[in-house]
Amino acid sequence: MPIEQRDKEVILTLPSDESTSVKVLLHGANILSWTIAGKEQLWLSEGAVLDGSKAVRGGVPLVFPVFGKASSGPTSTLPQHGFARLSTWEFLGQVSASPLTVQFGLGPENVSEAFRKAWGFDFTLIYTIALGADTLETAMRVENTSKVNWDFQILFHTYFRIPDVDKVEVNGLTGVSVKDKVSKSDYSESNTTVTVTSETDRVYEDVNNDVLIASAGKPLFHIYRKNVADVVVWNPWVNGSKNMGDFRPEDGYKSMLCVEAGSVSKWTTLSPGQTWECSEKIKSSL
Ligand code: BG6
């Protein structure tokens, strides 16, 4: 069966290859697993909490309507990274057989009263996931169904599974403006290849190139983005991992790297009735 709907999850399986699949948790519409010919592509913490009581540590959490914590404005009373990853989405069904495509929806009726009080605007999010033989495409449509303008940020917080953090390289970021949250400084990326040798938490703003994650020169993941200009590179390293109760094993940082496509360095404003779309396609060579 290409689409299997369970109580709390939806599983997409390619009819041509049963070991190529995607598993989506309704809580957060969080992709938990993406396998190609049986090989897992994403990192999911062994300590990830999947019962809906907190955000999932791993896979592809969705960040909306704020990235991080806002210091002022209507999103400032929301938790870090907003409520999309903390809410249970509706499964809207299959929309295409080839590529195998499903959709999930989120609106104010799916969001807790506390979040609605904190951010009281009406909205519709439609999240589309398409599985190919070696690709995973995610797209988001954001609609303002309120009577007033509102601003948002959005991001696909992808945890990639990598063979070895010491060998990982991220290409396509040279010359890009960086907001570095670890060194608390802003600069332009001078390296042709970004490597990860310590705690890393950077927002690369307005990235024009496609991004490639490689391992010692061997391509792992090509990332193609539409309308999501920014790229966050995050690895918590030794201490950051220890400080997160749900990050397991503690040395799991060696086999993960978050490369997150989003629109986060600026706010996008939507007027009543307006829609906005973005997408990310990941092609794996892992
Ligand atoms: C990244 C941020 O996107 O997410 C980091 O840049 C943050 O600052 C990380 O630590 C994880 O966030 P959380 O809320 O899932 O622990």
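**View 1. Antiparallel pairing of strands S3 and S4.** Strand S3 (residues 17-25) and strand S4 (residues 30-36) are joined in the antiparallel sense by 5 bridges. The model is predicted: local features need pLDDT of at least 70, side-chain atom pairs count only at pLDDT 80 or more, and totals for chains, interfaces and linings use all residues. Residues are numbered from 1 along each chain as its sequence is written. Strands are DSSP runs (E, at least two residues), numbered from the N terminus, and two strands pair if DSSP finds at least two bridges between them. Opposite Val22 stands Trp34 in S4.

**View 2. The open sheet of 5 strands.** The strand order is S1-S2-S3-S4-S5, with antiparallel pairing. Strand S1 (3-5) and strand S5 (39-40) are the edge strands, each pairing on one side only.

View 3. Glu143 belongs to strand S10 (residues 135-144). Because 18 other C-beta atoms lie within 10 Å, Glu143 is partly exposed; a residue is buried at 20 or more such atoms, exposed at 12 or fewer, and partly exposed in between, with C-beta atoms placed from the backbone. Leaving aside residues up to four places away in sequence, Glu143 touches Phe123, Thr124 and Thr275, where contact requires C-beta atoms, placed from the backbone, within 7 Å. Thr124 is 19 residues from Glu143 along the chain, and their C-alpha atoms are separated by 5.1 Å.

Methods:
Helix = DSSP H or I, 4+ residues; strand = E, 2+ residues; numbered from the N terminus. Contact = placed C-beta atoms within 7 Å.
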